Amino acid sequence: MPSEQKRFLRALAGETLAIPPIWLMRQAGRYLPEYRATRTEAGSFLDLCYNPKLACEVTLQPLRRYDFDAAILFSDILVIPQALGQELAFKQGEGPQLDPIRDASGLSRLNIDKIHETLGPVYETVSLLSDAIPAHTALIGFAGAPWTVATYMVEGKGSKDFANIRRFAYGDPEGFSKLIDILVEATTQYLLRQVAAGAECIQLFETWGGVLSENGFHRWVIEPTRRIVANLKAVHPDVPVIGFPRGAGLHLIDFKTLTGVDAVGLDSGVPLKWVAENLQKLGPVQGNLDPMYLITGGDEMLAEVRRILDVLGNGPFIFNLGHGITPETPPENVGLLVDYIRAQK
Ligand code: 1CP
């Protein structure tokens with residue numbers, strides 16, 4: 001099937017489809033028993049990320065169940081710091097741990113010259129997927145946006161207040177910008193290789209963009225994203241880029257217009273009527289069911305899905321969650337969601 005006929009890519013090109021394409025952030029993962037089995041087979045989460053055959057397998061698992069309109073490469077945003085030389089571990093049930101870089105002196109530990117040695121297996125996964133996914137399914141490559149990846153590099157783990165990175169960024173903007181520059185360059189190279197291996201669309205995850213001040217958001221979210229998008233578009237003008245600036249609120253318009261992304265992913269808190277009247281005029285939007293509804297399921301979930309479809313379904317739109325699916329999600333609720341959306345007129 002020519003790729004422009006894939007429903008997901010048609011919506012990204014600006015077409016309004018009667019039944020919106022659907023995929024879910026973290027659609028491969030711990031809520032699926034077959035994922036847990038494959039992760040055990042791989043040995044650990046990171047072993048799974050760097051095992052092309054098994055990473056390909058877990059990417060395909062949700063497609064077999066739900067026939068989503070897009071597959072997303074199975075990997076993690078933190079392979080970039082690891083490829084740059086920062087030590088990374090995932091302890092079972094605890095989330096990521098990195099040896100933190102608290103100030104500019106720590107940047108000497110990073111080396112951009114050899115990232116592809118670490119990341120080679122990820123490109124191999126993309127290439128396997130490109131052959132393995134169904135003809136109507138689009139293949140999404142991804143990376144974390146520089147600010148969000150930097151939060152883990154500086155904090156050393158997930159954070160609640162992001163005090164260390166805000167102190168670094170606000171107190172030594174010149175030094176911090178060197179870290180962002182390294183991430184812009186590494187992320188560009190990484191994504192160009194994903195596209196060369198067969199990714200048809202790129203999503204940039206800016207999960208923690210919402211913790212920044214106004215100036216900070218422009219300097220550390222919008223500007224680095226704009227540079228990455230420009231770098232990608234210079235080589236692949238036709239590969240669409242989705243930006244997901246979680247918590248961006250009133251910055252969404254500037255984010256869309258200044259970064260050059262083709263589409264914007266919405267978190268669950270964004271008022272949809274405002275989106276329909278302001279943001280969706282500028283390009284396709286994606287989102288934004290609160291993943292908690294996938295745990296509760298039932299009529300409440302379907303009423304919320306109905307509300308989203310009613311407000312956003314009259315313009316270019318891709319159905320998704322407002323954040324990643326959680327491990328507690330009953331798989332049958334995902335089936336209910338997909339069936340409901342596909343039963344639209
Ligand atoms: O034990 C396990 O199996 C690990 C759980 C897990 C999974 C399934 C992690 C650890 N990462 C992933 C895969 C993953 N991560 C994908 C794969 C593709 C898919 O969507 O199916 C993607 C796109 C990500 C992206 C990612 N990783 C983000 C951005 C999106 C988001 O959810 O906000 C972030 C912030 C991460 C970091 C990360 N990796 C894993 C965890 C538990 C975390 C979050 C840590 C924290 O709480 O801050």
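**Figure 1. Overview of the chain.** Of the 345 residues in the chain, 55% are buried. The model shown here is predicted. The chain holds 15 helices and 9 strands. Taken along the principal axes, the C-alpha atoms fill a box of roughly 60 × 45 × 40 Å. Among contacts with a separation of 6 or more, 73% join residues 24 or more positions apart. The chain exposes about 13,900 Å², and carbon and sulfur atoms supply 51% of that area.

**Figure 2. The largest pocket and its lining.** This pocket has a volume of about 1,400 Å³. Its lining is made of 44 residues, and those nearest the centre are Arg26, Arg30, Phe45, Asp76 and Phe90. Two or more lining residues come from each of these elements: helix 2 (33–42), helix 4 (52–66), strand 2 (88–91), strand 3 (95–98) and helix 7 (146–155). Helix 2 gives the largest share, with 3 residues. By class, the lining of the largest pocket contains 20 nonpolar, 17 polar and 7 charged residues.

Figure 3. Searching the whole structure gives 1 cavity of 30 Å³ or more. The volume of the largest cavity is about 30 Å³. Val195, Ile202, Leu232, His236, Val239 and Val241 form the lining of the largest cavity. Of these lining residues, 5 are nonpolar and 1 is polar, while none is charged.

**Figure 4. Surroundings of Gln27.** Gln27 sits in the loop between helix 1 (7–12) and helix 2. With a relative accessible area of 1%, Gln27 falls under the 20% limit and is therefore buried. Once its neighbours within four places in sequence are set aside, the residues in contact with Gln27 are Leu32, Pro62, Leu63, Phe68, Ala70, Ala71, Ile72 and Ile325. Gly324 is 297 residues from Gln27 in sequence, yet their C-alpha atoms are 7.7 Å apart in space.

**Figure 5. Asp67, a residue with positive phi.** Asp67 is not a glycine, but its phi is positive, at about 50°. Asp67 belongs to the loop between helix 4 and strand 1 (70–72). The relative accessible area of Asp67 is 33%, so this residue is partly exposed.

**Figure 6. Phe162, a buried residue with positive phi.** In Phe162, also a residue other than glycine, phi is positive and near 55°. The loop between helix 7 and helix 8 (163–171) contains Phe162. Phe162 counts as buried because its relative accessible area is 3%, whereas Asp67 is partly exposed.

**Figure 7. The cis peptide bond at Asn288.** The bond leading from Gly287 to Asn288 is cis, and its omega is near -20°. Asn288 is part of strand 8, which covers residues 285–289.

Key. Residues are numbered from 1 along each chain as its sequence is written. This is a predicted model: local features need pLDDT of at least 70, side-chain atom pairs count only at pLDDT 80 or more; totals for chains, interfaces and linings use all residues. Side-chain values use heavy atoms; hydrogens and water are left out. On a 1 Å grid over the protein atoms alone, a cavity is a set of points where a 1.4 Å probe fits but cannot get out, and a pocket is an open set with protein on both sides within 12 Å along at least five of seven lines; lining residues have an atom within 4 Å of a point. Grid points are joined across faces, edges and corners, and a volume is the space filled by probe spheres set on the points. Helices (H or I, at least four residues) and strands (E, at least two) are DSSP runs, numbered from the N terminus. Ala, Val, Leu, Ile, Met, Phe, Trp, Tyr, Cys and Pro count as nonpolar, Asp, Glu, Lys and Arg as charged, and the others, Gly among them, as polar. Buried means under 20% relative accessible area, exposed over 50%, partly exposed in between (1.4 Å probe, protein chains only). Contact means heavy atoms within 4.5 Å. Accessible areas come from the Shrake-Rupley method with a 1.4 Å probe; for residues, only the protein chains shown count as cover.
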